[in-house]
Amino acid sequence: MRSEEELPGSPAPGSWFLVPITPFGLEVRPLAGGDRRLPGSADLKAWLAAHRVVLLRGFPPPDDAGFLAFGQTLGEILEWQFGAVNELRVQDAPKNYLYTDHAVPFHWDGAFVGRIPHAILFHCVAAPPPGGGGETLFCDTLRLLEHTAPRRRAAWEGVSITYTTDKLAHYGGSFTSPLVVPHPVTGTPTLRFAEPVADLNPVFLEITGIPAGEQPAFLAEMAALLRHPTWSYAHSWETNDLLIADNWTLLHGRNAFHRPGGRHLRRINLLG
Ligand SMILES: [Fe+2]
């Protein structure tokens with residue numbers, strides 16, 4: 001579909017190409033010969049609320065200052081020990097799996113520091129070559145829960161999980177979260193679940209509400225559900241993509257990639 005008039009949160013018709021992403025998300029492109037400035041924050045926030053993922057493709061890439069300034073138009077920027085921008089690329093001697101070419105299990109950002117960003121802003125500085133892997137995975141937990149049978153959902157509402165990891169990078173320690181958590185603004189139930197990490201800087205789960213003997217089956221079930229194509233989107237990066245993702249309703253992860261092709265993303269967390 002190449003018409004913006006039918007989409008919620010649309011700006012003045014004709015400003016951009018708005019193309020829905022399957023199974024969710026919205027791709028925004030400048031029109032040929034049209035305005036190549038990035039859309040304003042009001043449009044972006046409306047699209048994010050409606051589509052969970054907003055991909056800005058074909059716009060001029062921001063420089064370092066421009067990337068931060070763009071983020072600031074969308075919300076308060078969360079400062080980490082490394083600063084505002086997380087440079088996600090392979091390091092020579094990583095202490096944490098994020099800085100390898102390995103897969104990243106599903107999680108949500110900010111859980112270990114107790115300040116959960118509303119959104120995540122990515123800039124793809126260098127994309128893997130086609131077929132090189134490194135897709136970022138997004139699971140729409142609202143849609144997942146809508147498709148979950150009431151009996152299973154009721155069982156999930158009694159589950160709570162304690163996550164523990166050593167602080168070798170910018171996060172660590174221990175926190176406990178129910179599996180089903182109301183959205184901070186709308187109150188709609190969302191799924192908050194981080195998969196165990198068996199890699200550099202592992203993350204351990206202690207699950208309550210599920211008998212010990214049933215926990216392996218629960219983890220396998222979650223691994224399959226989070227990747228179900230009806231509510232999960234694998235984003236294949238192109239260099240200079242900008243992407244905004246809703247961290248309150250989505251969970252995200254990453255496919256492994258082939259190091260010779262490289263992959264470099266910059267990420268900012270936006271609190272409000
Ligand atoms: Fe993340």
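Biologist: How do you know that the span of helix 5 (residues 215–226) agrees with 1.5 Å a residue?

Modeller: This is a predicted model, where local features need pLDDT of at least 70, side-chain atom pairs count only at pLDDT 80 or more, and totals for chains, interfaces and linings use all residues. Residues are numbered from 1 along each chain as its sequence is written, and side-chain values use heavy atoms, leaving out hydrogens and water. Helices are DSSP runs (H or I, at least four residues), strands likewise (E, at least two), numbered from the N terminus. The expected span is 1.5 Å times one less than the number of residues. For the 12 residues of helix 5 that should be 16 Å, and the end C-alpha atoms are 16 Å apart, so the two agree.

Biologist: What makes His-107, Asp-109 and His-252 donors of the iron ion?

Modeller: Donors are N, O and S atoms within 2.8 Å of the metal (3.2 Å for Na, K and Ca); water is not among the atoms, so sites may look incomplete. Here NE2 of His-107, OD of Asp-109 and NE2 of His-252 lie 2.1 to 2.2 Å from the iron, so they qualify. Asp-109 sits in the loop between strand 5 (104–107) and strand 6 (119–126) and His-252 in strand 15 (residues 250–254), so this pair ties together parts 143 residues apart in sequence.

Biologist: Why is the pair of Trp-108 and Phe-175 called edge-to-face?

Modeller: Rings of Phe, Tyr and Trp (its six-membered ring) pair if their centres lie within 6.5 Å; planes under 30 degrees apart count as stacked, over 60 as edge-to-face and the rest as tilted. Trp-108 and Phe-175 are 5.8 Å centre to centre with 90° between the planes, so edge-to-face it is.
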